Amino acid sequence: MGLFSFFKKSDKIVQENTIDSKDLLGKASTNTGDNRDVETKLSFHPDWDVPQEQKYIFNFLANELEPLKPNQLSLSSISIEENKRKWHVRAFFRSSLPQAIELGEIELFIMDKNDELVASKKFDFKALGTIPAESARPWVFEFDKSAIKVDEIPEDGWKIAFNLVSLRGHQLELDPSWEKQLPAAQKEELAKIVETLPKLGETEVNFTGLQAKLADNGNLNVSIFIRNGHNKAINLEQLPLEIIDATGKQIANGSFNMDPVLTVQPNSTKPWTFVFPAELVDAKDADLSRWTARVTQ
């Protein structure tokens, strides 16, 4: 099997990315009081016929692995080899769970020594087979050119890691001021609305109208969902906005300086209220039964 040729006698464990299993599996373990060290045992895919020399290499690498705490999952980075314009990333996938697991699709990152993203790709972990309890399985994760964002393999200090942002799913993010002022029922209502919104693309930022009200003084108050599909936070320093009513008429247009900067966390939706002063509002015959917020150039 070609996989074995990627593991060398000179390989060594370089980094660990360890998470609590509930972050990936979505449920907490029942053994929460257990704090022992778990030595993970080397495990091969059942379809593999491992040559004796390779068994020696795998055992040598497995002996370098640090113990895990109970109910953890870990990616132990070994090395990267470029072959046919692809990166072949050698690693151990480890589990300290007390039972065997089989996983589905998971996005993995390659991060450089400064924690900057250099590659990302979704992998079907079913290919790894069933992972026994408290075990370590060697694997080669293949990153195609389209998944790689840099020209060269990163220097020492890189790691392969789980994309926890994608694992937790898209979620509501409330500014501390909203968190403090809103009653629990309204927070739940906002979270339910966020769940019903169309799925975002991986690099999409979207502005979705929530509520619009004309004040007695002529101001227009609009609450908007700022939706971030990126795997990194976005910072808004200035936001030029226009509001279009149900008839297609522009009823407000203005630019907002965000001080302090408005941050929206990765894979999150943040509600925010913008107040258009009366001089920027043309509300005559406005139909706010439906309306749209647009970012202008």
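**Group meeting: a walk through a predicted model**

Glu134 sits in the loop that runs between β6 and β7. I start there, but please keep in mind that this is a predicted model. Is Glu134 buried or exposed? Its relative accessibility is 16%, and the cut-off for buried is under 20%, so Glu134 counts as buried. Its phi is near 50°, which is a positive value in a residue other than glycine.

Asp285 also has a positive phi, near 60°, and is not a glycine either. Asp285 belongs to the loop between β14 (268–276) and β15 (291–295). With a relative accessibility of 68%, Asp285 counts as exposed, because the cut-off there is over 50%.

One more backbone item. The peptide bond joining Asp259 and Pro260 is cis, with omega about 5°. Pro260 is part of strand β13, residues 250–264.

Now the whole protein. It has five helices and 15 strands. Of its 297 residues, 43% count as buried. Its radius of gyration is 25 Å, whereas a compact globule of 297 residues would come out near 19 Å. Along the principal axes, the C-alpha atoms fill a box of roughly 80 × 45 × 30 Å. Among contacts with a separation of 6 or more, 72% are between residues 24 or more positions apart.

Next, the inside. In soluble globular proteins, nonpolar side chains tend to be buried together. The largest nonpolar core here has 42 residues, and the members that touch the most others are Phe93, Leu108, Ile110, Phe141, Phe143 and Ile160.

Leaving out residues up to four places away in sequence, Ile110 touches Ile80, Trp87, Val89 and Phe143, among others. Trp87 and Val118 are both on the list for Ile110, and both are also in contact with Val150, leaving aside the neighbours of Val150 within four places. Val150 lies in the loop between β7 (135–143) and β8 (159–162). At 31% relative accessible area, Val150 is partly exposed. From Val150 to Lys192 is 42 residues in sequence and 39 Å in space, C-alpha to C-alpha.

Last, Arg227, in strand β11, residues 220–228. What does a buried arginine do without a salt bridge? The nearest side chain of opposite charge belongs to Glu204, 5.9 Å away, and a salt bridge needs the atoms within 4 Å. The side chain of Arg227 does have polar partners. One of its polar atoms is 2.7 Å from the backbone oxygen of Pro198. It also makes a polar contact with the side chain of Thr269, at 3.5 Å. Residues touching Arg227 include Leu200, Val205, Asn206 and Ser268, not counting those up to four places away in sequence.

Leu197 touches Arg227 as well, along with Thr208 and Phe225. Leu197 is in the loop between α5 (184–196) and β10 (205–214), and at 19% relative accessibility Leu197 counts as buried, because the limit is under 20%. Leu197 and Leu65 are 132 residues apart along the chain, and their C-alpha atoms are separated by 43 Å.

Methods:
Residues are numbered from 1 along each chain as its sequence is written. This is a predicted model: local features need pLDDT of at least 70, side-chain atom pairs count only at pLDDT 80 or more; totals for chains, interfaces and linings use all residues. Side-chain values use heavy atoms; hydrogens and water are left out. Helices (H or I, at least four residues) and strands (E, at least two) are DSSP runs, numbered from the N terminus. Buried means under 20% relative accessible area, exposed over 50%, partly exposed in between (1.4 Å probe, protein chains only). Contact means heavy atoms within 4.5 Å. Lys and Arg count as positive and Asp and Glu as negative; His and the chain ends are not counted. A polar contact is a pair of N or O atoms within 3.5 Å; within protein, one must be able to donate a hydrogen and the other to accept it, and residues adjacent in sequence count only if both atoms are side-chain atoms. A nonpolar core is a set of buried Ala, Val, Leu, Ile, Met, Phe, Trp, Tyr and Cys residues joined through side-chain atoms within 4.5 Å. The radius of gyration is taken over C-alpha atoms; the globule rule is 2.2 Å times the number of residues to the power 0.38.
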